[in-house]
Amino acid sequence: MAKYMIIDGNRVEFNDEPNILALVRKAGIDLPTFCYYSDLSIYGACRMCVVEDQWGGIIASCSTPPKDKMEVKTNTPKLHQHRKMILELLLAAHCRDCTVCDKNGKCRLQELALRFGIKTVRFENKTEEMELDTSSTSIIRDPGKCILCGDCVRMCHEIQNVGAIDFAHRGAKMVVSPAFNKKIAETNCVNCGQCAAVCPTAAITVKSDLKEVWKAIYNPKKRVVVQVAPAVRVALGEEFHMKAGENVIGKIVAALRRLGFDAIFDTTVGADLTIMEESKELLKKLESGDSKYPLFTSCCPGWIRYAETQHKELLPYISTCKSPMEMFGAVIKEHFKGLDSSEGVETISVAIMPCTAKKFEASREEFKRNNVPDVDYVITTIELVKMIKEIGIQFEELDPEAPDMPFSLYSGAGVIFGVTGGVTEAAVRRVVADKSPKALKDIEFLGLRGMEGVKVCELPMEESVVRIGVVSGLANAEALIEKIESGEEHFDFVEVMACPGGCIAGAGQPFSHKEEKNARATGMYKADKVSQIKRCEENPLMLSLYNGLLKHRTHELLHVSYRKED
């Protein structure tokens, strides 16, 4: 006989629901929460999700498993007063400059205060004003807006294995902070921004480069060229009431033209270049017989930073390929170099990315030539949304447009870079000898697809078998590295993405749960399916670049070393 609970007088059956909160939501009741996030451990700190049992006891629904025939109420005078009191106390110690807050309109505290009809706060704010931490190139910390929900701490520790921030002090003096009150840039932070993604208020936000980008667009002596990352196309539409996963790249191009960008390209061209170069490295490694460590991918700057701070022994085994953004950034600057001098303008290269770590990557000395960065500014998907809304563009009504020549051809293999396993699938398409449609279909079922944090598969190649690992989320990467170093596992090739699910779930994207992430992944694969070019080597633009702009310059423009001299 099925187990059930009585929730607000209604019988609700349960099977594998982990807690009462999940069962309450199954019953169609939206219990408010601050500290509950399904991908993280249960913390139970905010007490907003409490319910009342049949004896009048108050229990936290997020940390209590369902019990057969248990009765609870979610709406009683006691619970209503309890939740309002929590909100008032949080607001009493919170910055109230809502109109100029970066999270205005999307703040969970603001949302619940409105929901519970809180118009005034009875308590005086005696909290000391705390300094803004703007040291990072990727995020901003505003301790005055922190509600101590712990989401950022658990994300940084549990999912990313970084631990750059934690709780400090006790009682009324408790804060979330780096150790010894350091600036975040002084820690081992990898700039992934996942802390900002789960923060319900604006205690941690993505650092914006919009002011500088607008200034460049409005300057007649600047040619502002923009590239758009693959993952942006399946997420941006969500902010304009479109379905998650809907491919809106044509509308994005149209919007960028109206915003005033002078040339619009797709970073997928850079992804094709990456596979052209990275596949060579993989084949060279397989021929060498070096089996101590696999070849690790180099597309994700969060992963690169993690290796630099926690696994320097792996740096010699990370691909020397620049990321697609930086490869394409170098190509763009070189392409316009001659025109700049003849037309008396300066090319400003902007990249629209799903990732906050790309801001850090663009600022690295390794990606500057003659002290000039190949990518001048990185803005996130959400920053682009703000630009579109600021100008008043009706995004939903835009007719799709195509990117500009000469960089408008790319492969479906490059498009799927935005989802975990996509880089590896693109590389496999390149290195396998069989290029038939059947072989392409077989690769789909190799085990590279799916949103699992760790995937392992084997690729038969002539007389050998290539063992491949795909991980997303740095805690998963750490677990895999430990197995490699202990000899428990052997791989020839490992793809690492810092964000769980890959770039589609980057911190610069609209906030998402598993359903949206899955829909975005589906959208990426649909875009690949309708692409006429399936492999990077089939892209005629690659031949043109290698015989032209890149001739005798591939190492200079497309490769980098992260190894520092002792």
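Here are legends for a set of views of one predicted protein model, starting with the whole chain and then moving in.

Residues are numbered from 1 along each chain as its sequence is written, and side-chain values use heavy atoms, with hydrogens and water left out. Since this is a predicted model, local features need pLDDT of at least 70 and side-chain atom pairs count only at pLDDT 80 or more, while totals for chains, interfaces and linings use all residues.

View 1. Helices (H or I, at least four residues) and strands (E, at least two) are DSSP runs, numbered from the N terminus. Along the principal axes, the C-alpha atoms fill a box of roughly 80 × 60 × 55 Å. Buried residues make up 56% of the 566, where buried means under 20% relative accessible area with a 1.4 Å probe, protein chains only. Take the contacts (heavy atoms within 4.5 Å) between residues at least 6 apart in sequence: 73% of them join residues at least 24 apart.

**View 2. Here is the largest pocket, with a volume of about 1,400 Å³.** Of its 43 lining residues, K106, A197, F511, S512 and H513 are the closest to the centre. On a 1 Å grid over the protein atoms alone, a pocket is an open set of points with protein on both sides within 12 Å along at least five of seven lines, a cavity is a set where a 1.4 Å probe fits but cannot get out, and lining residues have an atom within 4 Å of a point. Points are joined across faces, edges and corners, and a volume is the space filled by probe spheres set on them. Helix α12 (381-391) gives the most to this lining, with 5 residues. Among the other elements that each supply at least two are α1 (20-26), α5 (194-198) and α17 (514-529). By class, the lining has 18 nonpolar, 10 polar and 15 charged residues. Ala, Val, Leu, Ile, Met, Phe, Trp, Tyr, Cys and Pro count as nonpolar, Asp, Glu, Lys and Arg as charged, and the others, Gly among them, as polar.

**View 3. Next comes the second largest pocket, at about 1,000 Å³.** It is lined by 35 residues, and M130, P143, K173, M174 and V175 lie nearest its centre. Helix α2 (77-92) and strand β8 (175-177) each supply at least two lining residues. The lining divides into 19 nonpolar, 6 polar and 10 charged residues.

**View 4. The largest cavity holds about 270 Å³ of space.** Its lining counts 26 residues, with C299, P354, K358, M497 and C503 closest to the centre. Helices α9 (301-310), α10 (324-343) and α11 (357-363) each supply at least two of the lining residues. The structure holds 4 cavities of 30 Å³ or more.

**View 5. S138 sits in the loop between α3 and β6 (139-141).** Is S138 buried or exposed? It's buried, with a relative accessible area of 0%. Leaving out residues up to four places away in sequence, S138 touches N191, T205, V206, K207, T356, A357, K359 and F360. C192 is 54 residues from S138 in sequence, and their C-alpha atoms are 8.0 Å apart in space.

Definitions and conventions: Buried means under 20% relative accessible area, exposed over 50%, partly exposed in between (1.4 Å probe, protein chains only).
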